[in-house]
Amino acid sequence: MAGRMVVGSAALADLVRPASAPDPAGGHRVLPVAPELTGLLPNRGLRRGSTIAVSAGQPRRSGGTSLVLALLAEASRAGSWCAVVGVPTFGAGAAAEIGIALDRLALVPDPGPEWPTVVAALIDGVDVVVTAVPQTVSVSVANRLAARARQRGSVLVPYGRWDGADVTLQVVRGVWEGLGSGRGRLRRREVTVSARGRGAAARPKEIKVWLPGDGLTRVIPRPAVADGVGRPRRGALTVVGSA
């Protein structure tokens, strides 16, 4: 079964619950993510009310869509509703393969000029809202949507440039595995994901993971670096994929 295709404001209104309705998650303020990704997020998951941006990056090395799927998988598997707005090429098959429950997935491939209204309506009643960021989005509109997510307890995941996000994730490097000398199939990709943000996420982080993931990660301390006066400084931690 594919995700629910939402067309028209009436269909959208039927999908989302009223903002005054009880929060079905109750006190569960952090939605789970795959263990490989917990080190990137200050709450080790998707905190309700937060904005977690995924930078699209350069097309030749992006991997952003795979990262979005990986962010949604655990929350969806745990029972959360998710929505994807403005991504007409979003693959339901790939989503199901990574563990996203298609019967709790709403798709709005082309929201048109009513994009802010569509995203705001979904924020009112969906746990995690992924949206491609239009080039013309203004700072004031972005701020209003982020504020609405904070008020409603939804997680807003802009896919593209989004200033002021609590955390911004980006795939900065990637290497495919599976092809030999002119034979074989692409099977997975080892990617380096960076995280930067504000508050508890102000300190930049990087991890290496497999996308699609196999859960095999290990933590390796970086070599100590001198602090400028000759004393060694403790290095940050890097998570790398292991075969």
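How close do the axes of α4 and α5 come, and at what angle do they cross? They come within 9 Å and cross at roughly 10 degrees. The legends below start from that pair, and everything in them refers to a predicted model.

**View 1. The whole chain, for orientation.** Of its 243 residues, 45% count as buried. Among contacts in the protein with a separation of 6 or more, 62% are between residues 24 or more positions apart.

**View 2. Helix α4 alongside helix α5.** A crossing angle of roughly 10 degrees makes α4 roughly parallel to α5, since angles under 35 degrees count that way. From α4, the residues taking part are Trp115, Pro116, Val119, Ala120, Ile123 and Asp124. Their partners in α5 are Val141, Leu145, Arg148, Ala149 and Arg152. Sort the residues of this contact by type and you get eight nonpolar, no polar and three charged.

View 3. Look for Val141, Ala142, Leu145, Ala146 and Ala149, the buried residues of α5. They cover an arc of only 135 degrees around the axis, so they sit on the same side of α5. The general rule behind such patterns is that an α-helix has 3.6 residues a turn, so residues three or four places apart point the same way. Just past the end of α5, Gly153 takes a positive phi of about 80 degrees.

View 4. Val137 is found between β7 (128–132) and α5. With a relative accessible area of 24%, Val137 is partly exposed. Leaving out residues up to four places away in sequence, Val137 touches Trp115 and Ala142. Trp115 is 22 residues away from Val137 along the chain, and their C-alpha atoms are separated by 9.4 Å. Trp115 is also one of the α4 residues that meet α5, and Ala142 is one of the buried residues of α5.

**View 5. Helix α2, mostly covered.** Of the 14 residues in α2, 10 are buried. They are Gly64, Leu67, Val68, Leu69, Ala70, Leu71, Leu72, Ala73, Ala75 and Ser76. The end C-alpha atoms of α2 are 20 Å apart, which agrees with the 20 Å its residues should span at 1.5 Å each. After α2 comes Gly79, with a positive phi near 115 degrees.

**View 6. Ser55, a buried loop residue.** Ser55 lies in the loop between β4 (52–54) and α2 (64–77). Its relative accessibility is 17%, so Ser55 counts as buried. Setting aside neighbours within four places in sequence, Ser55 is in contact with Tyr159, Gly160, Thr168, Leu169 and Gln170.

View 7. Most residues other than glycine have a negative phi. Arg44, though, has a phi near 60 degrees, a positive value in a non-glycine residue. Find Arg44 in the loop between β2 (30–31) and β3 (46–47). At 54% relative accessibility, Arg44 counts as exposed.

Methods:
Residues numbered from 1 in each chain as written. Predicted model: local features only at pLDDT ≥ 70, side-chain atom pairs only at ≥ 80, totals over all residues. Heavy atoms only, no water. Buried < 20%, exposed > 50% of the residue type's maximum accessible area, 1.4 Å probe, protein only. Helix = DSSP H or I, 4+ residues; strand = E, 2+ residues; numbered from the N terminus. Arc of directions from axis to C-beta. Axes fitted to C-alpha atoms, helices over the stretch in contact; angles between N-to-C directions. Parallel < 35°, antiparallel > 145°, perpendicular 65-115°, else oblique. Contact = heavy atoms within 4.5 Å. Nonpolar A, V, L, I, M, F, W, Y, C, P; charged D, E, K, R; others polar. Expected span 1.5 Å × (residues − 1).
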